[in-house]
Amino acid sequence: MLEIRNLHASVEEKEILKGISLKVNAGEVHAIMGPNGSGKSTLANVLAGRPEYRVTVGEAKFEGKDLLAMLPEVRAREGVFLAFQYPVELPGVNNTTFLRTALNEARKYKNQPEISAGAFLSMLKKKMQVVEMPDTLLSRAVNEGFSGGEKKRNEILQMAVLEPKLAILDETDSGLDIDALRIVANGVNKLRAKDNAIIVVTHYQRLLNYIVPDFVHVLYNGRIVKSGDKELALELEDKGYDWVKDETVTAQ
Amino acid sequence: MSNSELTVEKLANEQYKYGFVTEIETDKLPKGLNEDVIRLISEKKNEPAWMTEWRLKAYKHWLTMKEPHWSNVKYNPIDYQDIIYYSAPKKKPTLNSLDDADPELVKAFEKLGIPIEEQKRLAGVAVDAVFDSVSVATTFKEKLSELGIIFCSMSEALQKYPELVRKYLGSVVPYTDNFYASLNSAVFSDGSFAFVPKGVRCPMELSTYFRINASETGQFERTLIVAEEGAYVSYLEGCTAPIRDTNQLHAAVVELVALDNAEIKYSTVQNWYPGDKDGKGGIYNFVTKRGACRGINSKISWTQVETGSAITWKYPSCILQGDNSVGEFYSVAMTNNMQQADTGTKMIHIGKNTRSTIISKGISAGRSNNSYRGQVRITKKADNARNYSQCDSLLIGDKCGAHTFPYLETNNPTAQVEHEATTSKIGTDQIFYLNQRGISTEDAVRLIVNGYCKEVFKQLPMEFAVEATRLLSMSLEGSVG
Ligand SMILES: Nc1ncnc2c1ncn2[C@@H]1O[C@H](COP(=O)(O)OP(=O)(O)OP(=O)(O)O)[C@@H](O)[C@H]1O
Ligand SMILES: [Mg+2]
């Protein structure tokens with residue numbers, strides 16, 4: 001589904017990603033861990049097409065197509081979804097209108113008719129139950145004045161509505177209380193299917209108890225320095241990042 | 001350059017697509033202004049003698065005045081002797097069908113969602129007699145007259161109801177008021193007159209669309225709306241139809257009078273020609289709009305959505321004379337390219353327990369300049385007066401400007417006045433967030449701008465709100481990257 005080869009990316013002339021290669025197949029869940037500032041969000045944003053990040057070398061293919069050549073909105077319509085580490089507030093933009101517009105853009109792209117207001121609302125109701133989100137948040141402006149946890153839940157609601165092929169969750173677990181964590185994880189697990197893939201960026205093994213990954217990668221200083229299965233996350237939890245850092249130094 | 005910056009560039013380079021010029025025969029006076037010209041205007045319109053006198057007094061006063069330059073707009077001096085002050089539109093050419101009308105015009109009508117029959121009327125298509133007898137306008141007129149509501153052009157009113165006009169004309173905006181109002185008083189061509197008698201609630205929106213033969217906008221319009229005790233009226237100043245005018249200077253005067261327990265809602269959606277991208281050829285819109293809440297518990301609300309004109313100088317105001325009277329001002333002013341807008345409001349609290357609300361939303365794009373100027377004055381006797389003002393500015397791109405000039409004068413210690421102001425930019429992070437959900441940059445800008453204006457749009461009558469939304473979208477159009 002996603003194939004990244006030797007990806008280098010810079011922001012303001014500073015190289016952040018220094019050669020990332022990663023293959024994600026349909027049906028898989030990958031976890032990306034790594035210390036603060038190692039480039040996890042940068043990778044997520046580069047895949048989503050954030051204009052501030054410049055890809056200097058390398059390629060990324062999504063279902064065989066050149067992902068990096070697409071506009072951000074086209075990537076989204078193709079089925080790439082990024083749950084933001086810091087969801088953006090859109091004052092005045094109604095949450096329901098926003099969700100429906102987003103869904104209809106994807107449908108138009110696939111030559112499907114726009115969804116009617118009625119059908120949309122009943123679908124939305126069901127999705128709301130999945131993330132246990134109160135109705136009141138729907139009539140408000142997107143993320144405006146939402147608590148940290150509400151913003152994260154709203155991201156998962158958007159994901160549930162848009163049903164992406166590839167979902168990239170950037171620290172969706174941070175700032176969530178225990179109950180919310182389980183709810184969000186549930187929402188993510190509902191999306192898990194043999195046709196979909198998920199990349200979870202997280203600092204905590206805790207989330208991976210709920211969303212059990214097939215692979216775990218450690219990103220350090222712009223490179224994937226270690227990959228393994230779910231046991232790697234437990235090991236990291238136990239030993240911290242220093243030993244992986246040491247290993248890289250030795251390897252070089 | 002990022003996506004959103006590109007949009008901004010495109011917005012800034014956007015051209016006015018909706019202008020059109022109608023070649024019609026006119027009955028014109030030579031250029032220039034003097035007493036003879038004014039007498040001639042009055043005579044051509046067959047006005048009563050008092051009207052002629054009033055015009056002359058206004059003219060003499062105007063001669064003693066200087067053009068104001070305190071606003072935050074710049075333009076070359078206007079030569080007032082180089083203007084034609086009377087040009088009566090002769091009968092408009094009658095078209096056989098909409099197919100004969102300017103296709104651009106028809107396209108614009110469609111975009112605005114104006115119903116077909118209404119489009120025909122606006123474009124000057126002959127409407128067949130059968131249809132006309134059941135037309136909206138006719139049934140509309142009948143209904144109004146049954147209720148005793150008068151709604152006609154100012155010229156007609158001066159013929160049919162001269163005493164009523166005389167009683168109220170200039171009672172809110174005297175001919176001495178300001179430079180442009182004096183000029184208007186001397187030379188006004190036409191306008192609307194609406195009178196809603198005591199206890200009558202006008203059952204439909206009064207719109208200039210329905211004013212027969214009034215689709216031509218004059219250079220010096222004069223509008224007077226009176227709501228007697230307990231009356232209610234909502235008036236729509238429709239200018240959503242594209243207007244390109246050879247007259248650069250427009251100096252209109254609008255007066256509203258609300259007696260005890262009366263309410264007037266006045267809504268404007270204005271889309272005049274803003275000039276080319278360098279600002280050439282656009283309309284100068286210098287308007288005096290004022291409402292007098294004369295009676296107790298009376299209420300006047302101004303709602304305006306302004307996207308046109310090269311220069312706008314406009315401050316719809318309320319004089320809150322009656323105890324417990326309420327004044328409201330809701331405004332969206334969008335400027336693009338080289339447009340300049342200096343708009344705002346004045347709320348003068350005179351009666352006790354008077355309340356006013358000001359919600360102003362400025363949007364600047366391109367190299368435009370958008371200023372809000374608002375005055376709240378609480379006079380000595382206005383016990384327990386309250387005002388709430390919120391003035392927001394939204395910047396699109398970084399070549400435009402937004403300015404806020406609030407003036408507050410409180411002469412009564414019981415007054416409660418609140419003022420909030422914000423300035424925001426459409427952030428690249430907001431655009432990217434929307435992009436990431438599959439929404440193009442152009443639609444993203446549109447969503448954000450509409451969201452920003454929502455508070456004002458919801459004050460507009462339903463169909464008008466839809467038009468306003470579309471109009472704003474039209475002004476934001478052309479940015480598919
Ligand atoms: N727009 C930017 N301008 C300048 N530097 C940036 C920008 N975006 C990211 N960086 C830098 O790139 C590096 C990687 O940042 P990134 O956000 O990808 O880290 P991260 O692994 O997601 O960290 P965290 O775990 O704290 O979220 C950091 O040093 C950061 O300061
Ligand atoms: Mg991060």
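**Close-up views of a predicted model**

**View 1. Packing of helices H4(A) and H5(A).** In this predicted model, helix H4 (residues 117-130) of chain A packs against helix H5 (residues 148-162) of chain A at an angle of about 130°, and their axes are 10 Å apart. H4(A) and H5(A) are therefore oblique to each other, and their crossing is right-handed. H4(A) contributes A:Phe120, A:Met123, A:Leu124, A:Lys127 and A:Met128 to the contact, while H5(A) contributes A:Leu157, A:Ala160 and A:Val161. Sorted by class, the residues in the contact of H4(A) with H5(A) are 7 nonpolar, no polar and 1 charged.

**View 2. Protein donors of the magnesium ion (ligand 2).** The protein donor atoms are OG of A:Ser41 and OE1 of A:Gln85, which lie 2.0 to 2.2 Å from the magnesium ion. A:Ser41 belongs to helix H1 (residues 40-48) of chain A, and A:Gln85 to the loop between strand E6 (80-83) and helix H3 (95-109) of chain A, so the pair ties together parts that are 44 residues apart in sequence. A:Ser41 counts as partly exposed because its relative accessibility is 21%. A:Gln85 has a relative accessible area of 16% and is buried.

View 3. Of the 9 residues of H1(A), 8 are buried, so the helix is largely enclosed by the rest of the structure. The buried residues in H1(A) include A:Lys40, A:Thr42, A:Leu43 and A:Ala44. Further along H1(A), A:Asn45, A:Val46, A:Leu47 and A:Ala48 are buried as well. A:Ser41, the magnesium donor shown in View 2, counts as partly exposed at 21%. After H1(A) comes A:Gly49, which has a positive phi, near 90°.

View 4. Chain B has 13 helices and 21 strands, and 60% of its 481 residues count as buried. Among its contacts between residues at least 6 apart in sequence, 85% join residues at least 24 apart. B:Ser331 is placed in strand E15 (residues 326-335) of chain B. With a relative accessible area of 1%, B:Ser331 is buried. Leaving out residues up to four places away in sequence, B:Ser331 touches B:Gln304, B:Thr343, B:Ile359, B:Ser360, B:Lys361 and B:Val456. B:Ala194 is 137 residues from B:Ser331 in sequence, and the C-alpha atoms of the two residues are 23 Å apart in space.

Methods. Residues numbered from 1 in each chain as written. Chains lettered and ligands numbered in written order. Predicted model: local features only at pLDDT ≥ 70, side-chain atom pairs only at ≥ 80, totals over all residues. Heavy atoms only, no water. Axes fitted to C-alpha atoms, helices over the stretch in contact; angles between N-to-C directions. Helix = DSSP H or I, 4+ residues; strand = E, 2+ residues; numbered from the N terminus. Parallel < 35°, antiparallel > 145°, perpendicular 65-115°, else oblique. Left-handed = near helix turned anticlockwise from the far one by under 90°. Contact = heavy atoms within 4.5 Å. Nonpolar A, V, L, I, M, F, W, Y, C, P; charged D, E, K, R; others polar. Donors = N, O, S within 2.8 Å, 3.2 Å for Na, K, Ca; no water. Buried < 20%, exposed > 50% of the residue type's maximum accessible area, 1.4 Å probe, protein only.
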